[in-house]
Amino acid sequence: MPQDLNHLESVALSELSRIETPGELEEWRVRYLGKKSALTAALRSLGTLPPDERRALGARANDVKKNLQSRFDAKQQAVSVSSIGQSIGVAPLDVTLPGRPFPMGRLHPITRVIQEICAVFARMGFQVIEGPEVEKDYYNFEALNIPQDHPARDMFATLWLDQKDDSTARLLRTHTSPMQVRIMETHKPPLRFVVPGRTYRYEATDATHDWMFHQVEGLAVDIDITLRDLKETLFEFCRSVFGRDTGVRFRCDYFPFVEPGGEVAIECFQCKSSGCRLCGGTGWLEILGTGMVHPDVLARCGIDPTVYSGFAFGMGVERITILRYGVDDIRHFYSGDFRFLRQF
Ligand code: PHE
């Protein structure tokens with residue numbers, strides 16, 4: 001009898017180990033643990049044995065029953081998990097596995113600086129608007145007081161898309177200033193806009209020049225806008241972006257579409273204005289061009305220059321980013337090198 005029990009146990013366990021479905025498992029349970037199973041019969045027949053044998057055999061039969069029951073319970077768990085997995089078409093889920101890292105993307109440094117610049121002007125009541133990168137000669141030059149053959153065209157090495165010499169010729173915009181004209185043609189003063197976007201120049205690339213870069217243009221037009229509004233707006237911008245203590249220099253410059261025209265520079269933070277390589281020994285870093293919108297430009301856009309006045313400015317985003325973060329080569333921005341980009 002004990003040999004029978006040992007045999008029964010080992011056969012039952014080896015069958016159990018091959019079971020894969022809940023149906024097979026139920027059959028196994030009926031066969032080995034059910035009311036009509038050999039084990040139940042053995043336990044029932046104990047009463048007919050002499051007391052000594054009954055005790056020994058009874059203990060052994062109960063052990064076998066307990067063992068089969070606990071193996072059955074464990075198997076039932078495993079089979080039900082894997083059958084859920086099969087029915088939803090995935091491998092069994094191990095909830096104790098450590099999680100996989102979820103790589104977070106980040107914004108490109110130029111995008112971040114553009115957002116920061118626009119946020120500063122938004123606080124001062126400027127709206128953000130974008131415009132076309134493929135422009136007409138009219139908007140990029142003519143309407144901005146730069147007619148055919150005007151020497152100022154040399155300031156902007158142009159990538160032309162059409163080979164014709166009239167104001168409908170298409171080009172890649174060399175600055176964001178054409179949006180001054182488009183805004184004034186379609187909106188009535190008071191106007192306060194900033195325009196971030198890509199600009200293009202036909203230039204050999206080096207550490208400080210690229211053929212594609214970004215500018216943020218600004219335009220404010222209203223009754224009684226003066227040079228003082230221009231200066232205070234741009235000084236506030238410089239203080240917000242470069243810090244309250246940074247010195248700001250404002251001086252004259254020439255652009256055909258503004259009168260008077262100016263240029264804003266900030267104190268070189270590397271040498272604190274004593275002169276170094278970054279600032280070319282001058283102590284100052286130029287960051288933007290600006291001026292009062294030329295009356296002829298206003299008039300061309302249908303805005304009466306005897307009633308309205310305005311100011312405009314344009315800044316190079318790569319240049320500001322280079323100065324902010326101490327980047328030594330403009331070409332890093334578009335090289336796609338993660339070792340560079342991950343630092344921001
Ligand atoms: N568009 C000029 C440039 O690209 C900058 C500028 C904008 C100057 C607005 C004056 C007013 O150099």
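Leaving out neighbours up to four places away in sequence, Arg-170 makes contact with Val-134, Glu-135, Trp-160, Leu-161 and Asp-162. In this predicted model, Arg-170 lies in strand β4, which comprises residues 170-172, and the C-alpha atom of Arg-170 is separated by 9.2 Å from that of Leu-159, a residue 11 positions away along the chain. Arg-170 has a relative accessibility of 40% and therefore counts as partly exposed, since that category covers values between 20% and 50%.

The model also contains an open sheet of 7 strands, arranged in the order β1-β5-β6-β10-β9-β8-β7 and with mixed pairing. The edges of this sheet are formed by β1 (127-128) and β7, and because each of these has a single partner strand, one side of each is left without a neighbour in the sheet. Strand β7 pairs with β8 (residues 258-267) in the antiparallel sense, over 6 bridges, and within this part of the sheet Phe-250 stands opposite Val-264 of β8. Helix α5, spanning residues 109-123, packs on the sheet and touches β1, β5 (191-200), β6 (212-223) and β10 (308-316), its direction making about 165 degrees with that of β5. Helix α8 likewise packs on the sheet, where it touches β7, β8, β9 (284-293) and β10, and the direction of α8 makes about 150 degrees with that of β9.

The loop that runs between α8 (227-242) and β7 (248-253) contains Thr-246. The relative accessible area of Thr-246 is 19%, so this residue is classed as buried, the limit for that class being under 20%. The side chain of Thr-246 reaches back to the backbone oxygen of Phe-242, at 2.8 Å, and, when residues up to four places away in sequence are not counted, Thr-246 touches Ile-266 and Glu-267.

The ligand is surrounded by 15 residues, of which the closest are His-175, Ser-177, Arg-201, Gln-215 and Gly-314.

Notes
Residues numbered from 1 in each chain as written. Predicted model: local features only at pLDDT ≥ 70, side-chain atom pairs only at ≥ 80, totals over all residues. Heavy atoms only, no water. Helix = DSSP H or I, 4+ residues; strand = E, 2+ residues; numbered from the N terminus. Buried < 20%, exposed > 50% of the residue type's maximum accessible area, 1.4 Å probe, protein only. Polar contact = N/O pair within 3.5 Å; in protein donor to acceptor, adjacent residues only side chain to side chain. Contact = heavy atoms within 4.5 Å. Pairing = 2+ DSSP bridges. Axes fitted to C-alpha atoms, helices over the stretch in contact; angles between N-to-C directions. Near = heavy atom within 4 Å.
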